[in-house]
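User: Hi! Could you walk me through the pockets in this one, and then a residue I'm curious about?
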Amino acid sequence: MIFVNLPVADLDRAVAFYAALGFVNNAQFTDETAAAMVVEENIVVMLMTREKFAGFVPGQVGDPAQATSVLLALSAGGREECDDTLGKALEAGGKPWQPAQDHGFMYGTSFADPDGNAWEVTWMDPAVIQG
């Protein structure tokens, strides 16, 4: 499994944002300091208040709105899914991050969540992947 741990300024806002993208909250691992948002069976985004996140790392907690320290990427089933996910993100309070990338065989969109964490959603032609 992969757990992506993100510090957030407003946990309720972050949960609402990721729910709008279709991530499902796992209440068993959610409380007033953290929320487990299931992307798919083996991928979970753990949203943590900045204070809770600070308990897991040495030093200061960075501010993703000020500097990009990680770029998260999800694969999509097609171009439409890339555009649809971007639309959901923007409707839910996210911001555009980089312009869409269209390389013919590969297409992607990107956004920043309300805290500034950068996400890409990318589709690659299966024929190219299979070589």
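Analyst: Happy to; we can start with the pockets and then turn to the residue. Keep in mind that this is a predicted model.

User: Great. What volume does the largest pocket have?
Analyst: Its volume comes out at about 280 Å³.

User: And which residues lie nearest its centre?
Analyst: Those are Phe23, Val39, Leu74, Ser75 and Glu81, out of 13 residues that line the largest pocket. At least two lining residues come from each of strand S3 (34-40), strand S5 (71-75), helix H3 (79-91) and strand S9 (118-124).

User: How does that lining divide into nonpolar, polar and charged?
Analyst: For the largest pocket, eight are nonpolar, three polar and two charged.

User: OK, how much space lies in the second largest pocket?
Analyst: About 230 Å³. The second largest pocket has 19 lining residues, with Pro7, Pro64, Ser69, Val70 and Asn117 nearest the centre.

User: Which strand gives the most to that lining?
Analyst: Strand S1 (residues 2-8) does, contributing four residues. By type, the lining of the second largest pocket has 11 nonpolar residues, seven polar and one charged.

User: Switching topic: where is Thr109, and is it buried or exposed?
Analyst: Thr109 sits in strand S8 (residues 106-112). Thr109 counts as buried because its relative accessibility is 4%, and the cut-off for buried is under 20%.

User: What does its side chain reach?
Analyst: The Thr109 side chain reaches the backbone oxygen of Cys82 at 3.0 Å. Leaving aside residues up to four places away in sequence, Thr109 touches Cys82, Asp83, Leu86, Ala100, Trp119, Glu120 and Val121.

Methods:
Residues are numbered from 1 along each chain as its sequence is written. This is a predicted model: local features need pLDDT of at least 70, side-chain atom pairs count only at pLDDT 80 or more; totals for chains, interfaces and linings use all residues. Side-chain values use heavy atoms; hydrogens and water are left out. On a 1 Å grid over the protein atoms alone, a cavity is a set of points where a 1.4 Å probe fits but cannot get out, and a pocket is an open set with protein on both sides within 12 Å along at least five of seven lines; lining residues have an atom within 4 Å of a point. Grid points are joined across faces, edges and corners, and a volume is the space filled by probe spheres set on the points. Ala, Val, Leu, Ile, Met, Phe, Trp, Tyr, Cys and Pro count as nonpolar, Asp, Glu, Lys and Arg as charged, and the others, Gly among them, as polar. Buried means under 20% relative accessible area, exposed over 50%, partly exposed in between (1.4 Å probe, protein chains only). A polar contact is a pair of N or O atoms within 3.5 Å; within protein, one must be able to donate a hydrogen and the other to accept it, and residues adjacent in sequence count only if both atoms are side-chain atoms. Contact means heavy atoms within 4.5 Å.
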